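Visitor: I'd like to go through this structure with you. Can we start with the terms?

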Amino acid sequence: MTAPTIENDAVSGTEEPPDTGARHKLTAVSGLAALSLDAMASVAYGPEAIVLVLAAAGGHGLGFTLPVTLAIAGLLAVLVASYRQVIAAFPDGGGSYAVARAHLGRRTSLVAAGSLVLDYVLNVAVAVTAGVAALTSAFPDLHSDRLWICVGVLALITAVNLRGIVDSARAFIVPTAVFVGAILVVIGVGLFREAPVSTEASAGHAPVLADQATTVGALLLLKAFASGCSALTGVEAIANAVPSFRAPAARRAMRAEVALGALLGVMLIGLSALISRFGIQPVEDVTVLAQLADASLGDNWAFYVVQFATMVLLALSANTSFGGLPVLLRLLARDNYVPHVFGLKADRQVHRHGVVWLALVSAGLLVFSGGDTNTLVPLFAIGVFVGFTIAQIGMVLHWRRERGSQWVAKALLNGFGAVLTGASAVVVTATKFHDGAWLIVIALPVLVLAFETVHRAYGRIGERLGVGRIPAPPHRERSLVLVPVSSLTRLTSEALTAAVSLGDDVRALTVCHLDAEDLAATEALERDWALWNPGVPLVRIPSERRSLGKPLTAYIGGLRAAEPDTRITVLIPEAEPERLWQRLLQNQRGAVVAHAVRRDTDAVVCRLRFRLGSC
């Protein structure tokens with residue numbers, strides 16, 4: 001049995017608007033700005049993560065910064081080559097989820113999807129807090145307000161993305177270009193210097209360096225490699241969002257992936273080369289990137305341009321998640337693993353429900369962490385390595401089944417990448433487990449279980465709706481329309497006019513409570529009804545309690561038992577004021593009746609909206 005799909009899901013009641021054209025989709029260049037900010041900004045903390053680990057072995061350990069970075073750059077090349085293949089093989093997007101779904105089975109694909117969802121959500125929180133941390137470092141007086149600043153930045157990014165991915169790319173392309181240009185200038189100028197032009201940034205700060213070691217163990221190098229691999233987060237985002245590109249989407253996405261890999265590789269290797277050239281050591285309260293900018297450019301306006309560009313891009317790197325996660329949720333909705341509402345697309349190619357959900361969950365994480373980056377960092381990057389590994393293994397099977405030209409070489413490349421990313425995932429999880437990574441180990445199975453629960457629910461709905469089967473031909477049944485009334489007005493006349501047009505038999509119902517005031521009002525209504533004589537009987541339903549829904553549903557239940565072959569419709573007349581605030585003046589009886597009838601009977605509920613003129 002096929003479960004209900006987004007297209008035939010009557011629950012949503014919303015049609016997907018038509019595609020509004022290529023102008024709301026990405027080019028290769030704008031795709032870098034919309035989907036690669038996470039990876040670009042990682043050069044601000046990737047080399048530093050390596051240095052902080054190697055500092056445990058003293059100055060001798062720092063000498064391995066460049067070799068470790070070269071190994072990471074090699075893995076980056078493998079990942080870029082692999083994700084180019086993923087884009088070509090799966091142009092509908094989804095990245096590791098799509099690969100696993102095709103080649104590794106349903107459960108593995110859900111693990112890949114869950115890992116991506118967790119990583120995307122954490123990326124938003126980490127990016128925003130890191131950017132705000134850079135701001136509060138420059139302006140310490142703002143430190144006590146960092147949570148509200150984080151929420152404000154998140155609201156800004158959300159608002160831009162609600163206007164469409166192209167608008168977000170246009171808004172962020174200038175900060176991206178400034179940041180990349182600034183880093184390349186730091187590298188280019190630094191490579192021509194024999195010694196640091198300034199050490200003002202690190203002056204007076206205590207070094208974070210252990211005693212000199214004579215050897216560096218393999219475990220320390222592996223840990224440095226795993227920590228530095230945090231710079232690779234975001235490499236998969238383009239493959240997840242291929243449908244967001246203009247046609248030919250796959251070709252443009254592959255170009256953007258290659259450009260991302262080239263820029264990221266050059267920046268990572270260049271910065272690590274400068275770390276070795278200038279003998280940069282980690283110090284308290286000053287980033288390695290700030291020391292490099294100071295050493296290359298000096299303590300002048302250029303240094304502050306680099307710092308400001310870094311701060312802005314770190315905060316805006318959350319945009320990668322807003323570009324990738326809504327597309328992934330659309331695919332999951334198509335496969336009935338998340339509510340179908342995530343598959344709806346608004347104007348400007350915006351998956352608004354995905355964008356809003358991501359913003360709300362990320363805001364919750366910000367509140368939970370108090371806007372503190374260090375609380376969130378241990379949770380970060382684990383999910384993306386799980387996704388990397390699953391995608392690589394899936395592509396090995398893909399090439400084995402395809403058996404095209406050079407399939408062995410391609411499979412070996414992906415297999416080698418799977419070994420590297422799998423080892424990195426294990427090391428990252430193990431080294432960060434006690435710092436909070438255990439939450440991810442728990443959250444990922446819970447998320448997969450949630451996907452399965454939603455899928456089973458849609459399966460049951462599909463079974464009851466008979467989705468995938470040709471239904472019996474429609475036939476006419478006797479129809480009875482019930483109209484709840486409490487007074488005699490123009491609204492009553494409109495409701496009865498609609499009712500007699502819909503049904504073979506029409507009855508007006510009024511609930512009468514047993515107190516004197518209500519009895520008098522009901523008797524007055526019956527006298528007026530007799531004088532009006534609309535040709536529709538008015539049925540009094542007595543009720544001992546001050547309840548409206550239960551007496552009506554009990555009456556409907558009695559009719560259903562007496563006339564099982566009659567189609568019963570409850571038409572609820574409601575006045576719709578001209579202005580929104582005037583709805584507060586209504587007694588909400590219609591909503592109460594509708595809820596009770598839906599909950600306790602199988603009658604059809606029809607709510608008649610009578611629009612009022614100027615009041």
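Guide: A polar contact is a pair of N or O atoms within 3.5 Å; within protein, one must be able to donate a hydrogen and the other to accept it, and residues adjacent in sequence count only if both atoms are side-chain atoms. This is a predicted model, where local features need pLDDT of at least 70, side-chain atom pairs count only at pLDDT 80 or more, and totals for chains, interfaces and linings use all residues. Residues are numbered from 1 along each chain as its sequence is written, and side-chain values use heavy atoms, with hydrogens and water left out.

Visitor: Which side chain does Glu452 make a polar contact with?

Guide: The side chain of Arg106, at 2.4 Å.

Visitor: Is Glu452 buried or exposed?

Guide: Glu452 is buried, with a relative accessible area of 8% (buried means under 20%, exposed over 50%, partly exposed in between, with a 1.4 Å probe and protein chains only).

Visitor: Where is the place of Glu452?

Guide: In helix α20, residues 438-465. Helices (H or I, at least four residues) and strands (E, at least two) are DSSP runs, numbered from the N terminus.

Visitor: New topic. Which residues of the largest nonpolar core touch the most other members?

Guide: Leu232, Val235, Leu332 and Phe451, out of 134 residues. Such a core is a set of buried Ala, Val, Leu, Ile, Met, Phe, Trp, Tyr and Cys residues joined through side-chain atoms within 4.5 Å.

Visitor: Which helix gives the most to this core?

Guide: Helix α7 (residues 106-138), with 14 residues. A second, separate core has 16 residues, including Leu480 and Leu559.

Visitor: Which residues of α23 are buried?

Guide: Gly549, Pro551, Leu552, Thr553, Ile556 and Leu559.
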